[in-house]
Amino acid sequence: MPIDYTEQIKLIALKIRALRKARKLTVQELAYRCDIERSNLSRIETGRSNPTVKTLCIICNALDVPLRALIE
């Protein structure tokens with residue numbers, strides 16, 4: 001069965017949001033930790049953006065989780 005990348009992006013977005021909320025961070029606070037614009041992080045969290053692996057690694061570092069936490 002082929003992988004639907006749009007669904008995968010949405011799943012990753014949901015995991016980022018859940019991890020952020022579990023750490024009681026606002027979008028602004030996480031964006032600051034990642035050194036990215038709040039609006040860009042918001043688009044990532046809503047699945048409206050296709051982040052690069054580099055951006056995902058930056059987000060994972062800010063959340064203190066391994067990359068596989070977003071894709072498993």
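Helix H3 spans residues 38–45, and Leu 41, Ser 42, Ile 44 and Glu 45 are buried in it. Buried means under 20% relative accessible area, exposed means over 50%, and partly exposed lies in between (1.4 Å probe, protein chains only). Helices are DSSP runs of H or I with at least four residues, numbered from the N terminus. Seen down the axis of H3, the buried residues fall within an arc of 160 degrees, so they line one face of the helix. The arc is taken from the directions that run from the helix axis to the C-beta atoms.

This is a predicted model, in which local features need pLDDT of at least 70 and side-chain atom pairs count only at pLDDT 80 or more, while totals for chains, interfaces and linings use all residues. Residues are numbered from 1 along each chain as its sequence is written, and side-chain values use heavy atoms, with hydrogens and water left out.

**Around H3**

The cover over the buried residues of H3 includes helix H1 (5–22), helix H2 (27–34) and helix H4 (53–63). After H3 comes Gly 47. The phi of Gly 47 is positive, near 80 degrees.

**Glu 45 and its arginines**

A search of the whole structure finds two salt bridges. A salt bridge here is a side-chain nitrogen of Lys or Arg within 4 Å of a carboxyl oxygen of Asp or Glu.

| Salt bridge | N to O distance |
|---|---|
| Glu 45 – Arg 17 | 3.3 Å |
| Glu 45 – Arg 20 | 2.6 Å |

Take the bridge between Glu 45 and Arg 17. Glu 45 lies in helix H3 and Arg 17 in helix H1, so this pair ties together parts that are 28 residues apart in sequence. Glu 45 counts as buried at 2% relative accessibility. Arg 17 counts as partly exposed, at 30%.

Now the bridge between Glu 45 and Arg 20. This pair also links distant parts of the chain, with Glu 45 in helix H3 and Arg 20 in helix H1, 25 residues apart. Both Glu 45 and Arg 20 are buried. Arg 17, Arg 20 and Glu 45 are linked in a network of salt bridges.

**The nonpolar core**

A nonpolar core is a set of buried Ala, Val, Leu, Ile, Met, Phe, Trp, Tyr and Cys residues joined through side-chain atoms within 4.5 Å. The largest one has 17 residues. Ile 16, Leu 30, Leu 41, Ile 59, Leu 63 and Leu 70 touch the most other members. H1, H2, H3 and H4 each supply at least two residues of this core. H4 gives the most, with five residues.

Leu 30 also touches Glu 45 and Arg 20.

**Cysteines**

The structure holds zero disulfides. A disulfide is a pair of cysteine sulfur atoms within 2.5 Å. The sulfur of Cys 57 is 6.3 Å from the closest cysteine sulfur, in Cys 60, too far for a bond. Cys 57 is partly exposed, with a relative accessible area of 31%. Cys 60 is buried, at 2%.

Notes:
Contact means heavy atoms within 4.5 Å. Lists of a residue's contacts leave out its neighbours within four places in sequence.
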